[in-house]
Amino acid sequence: MIAFYGRLCDAAYMSIVSDLVADLAAAGDELDALVSSLDDASWHADTPAPGWTVAHQIAHLYWTDKVALLAATDPEAFAEVVAEAMRNIDGFTDVTAEEGAARPKGELLDDWRAARAALGQALVDVPDGAKIPWFGPPMSAASMATARIMETWAHGLDIADALGVELEPTDSIRHVAHIGVRTRDFAYAVNGMTPPQRPFRIELVAPSGELWTWGPDDPDAVDGTVRGPAVDFCQLVTQRRALADLDLQLDGERAREWAAIAQCFAGPPGAGRAPRNAATF
């Protein structure tokens, strides 16, 4: 009976990973469709990330998907990548993006498609309970897929901004919101600050109109409340929009404190973005 229950748990976990991988594939396909027909000028258009064009953004996504695939399938080879990155910790991301952006567009896109497809299959093949090494703490396959969804969405937003188009949000951004909630204390840590002892209450309105919530609904059990559109919350935690541009209600001193440093991506504290009316890219 115990073994049978274990198989049910494995099946349930694999279903979760498969669903996440499907959402990751959809996010990659949507962005691919946006950039695949760009002319040379648009391919090299500046994005809000200083020094990064559309080509740099795609190159970064390709490199990260490729390295995530390596982490999931060859941990020893991945350790060598980490060691190389540590030798240029402040500039490694820019260097790899610059190298990728210099490649022919069609070649880079083909390699990105192959890498993200291979990564999806590799994540499905990771056993329940196994951890994938990464630049931060090791992650489960489900966490890795969720992180790749977040980064694909965030860099896709940069690309959409550069091209002057709007990406229609779907309820798949719940994955991004979930990472934003889960990384609250990480944002404090990378800024050398002590996080609140109690959780926040998060109440977000999904693109579909559904209400998503995290944390206790008892005001005495939380250290702050964040309410608003899920898209705005996701833009905050990925640092794609300045807080002043977002329709978020922040109740409590600690919630307002966190909103100024919110960051769901790995690495040192991000510089954030200037308010839209001050953007110069």
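**Entry 1: threonine 238**

I started with threonine 238, which sits in the loop between helix 10 (230–237) and strand 4 (249–251). I keep in mind that this model is predicted. Is threonine 238 buried or exposed? Its relative accessible area is 0%, so I note it as buried, the cut-off being under 20%. I then listed what threonine 238 touches, leaving out residues up to four places away in sequence: Met150, Trp153, Ala154, Val176, Cys264 and Phe265. For methionine 150 I also looked up the separation from threonine 238: 88 residues in sequence, yet 8.0 Å in space, C-alpha to C-alpha. A polar atom of the threonine 238 side chain lies 3.5 Å from the backbone oxygen of glutamine 235.

**Entry 2: histidine 175**

Next I went to histidine 175, in helix 8 (residues 174–182). Here the relative accessible area is 18%, and because buried means under 20%, histidine 175 counts as buried.

**Entry 3: helix 5**

Last, I checked helix 5 (residues 92–101), where the buried residues are Phe92, Thr96, Ala97, Gly100 and Ala101. They cover an arc of only 160° around the axis, so they lie on the same side of helix 5. A reminder to myself: an α-helix has 3.6 residues a turn, so residues three or four places apart point the same way. What do the buried residues of helix 5 pack against? I noted helix 3 (54–73), helix 4 (75–86) and helix 6 (105–125).

Key. Residues are numbered from 1 along each chain as its sequence is written. This is a predicted model: local features need pLDDT of at least 70, side-chain atom pairs count only at pLDDT 80 or more; totals for chains, interfaces and linings use all residues. Side-chain values use heavy atoms; hydrogens and water are left out. Helices (H or I, at least four residues) and strands (E, at least two) are DSSP runs, numbered from the N terminus. Buried means under 20% relative accessible area, exposed over 50%, partly exposed in between (1.4 Å probe, protein chains only). Contact means heavy atoms within 4.5 Å. A polar contact is a pair of N or O atoms within 3.5 Å; within protein, one must be able to donate a hydrogen and the other to accept it, and residues adjacent in sequence count only if both atoms are side-chain atoms. The arc is that of the directions from the helix axis to the C-beta atoms.
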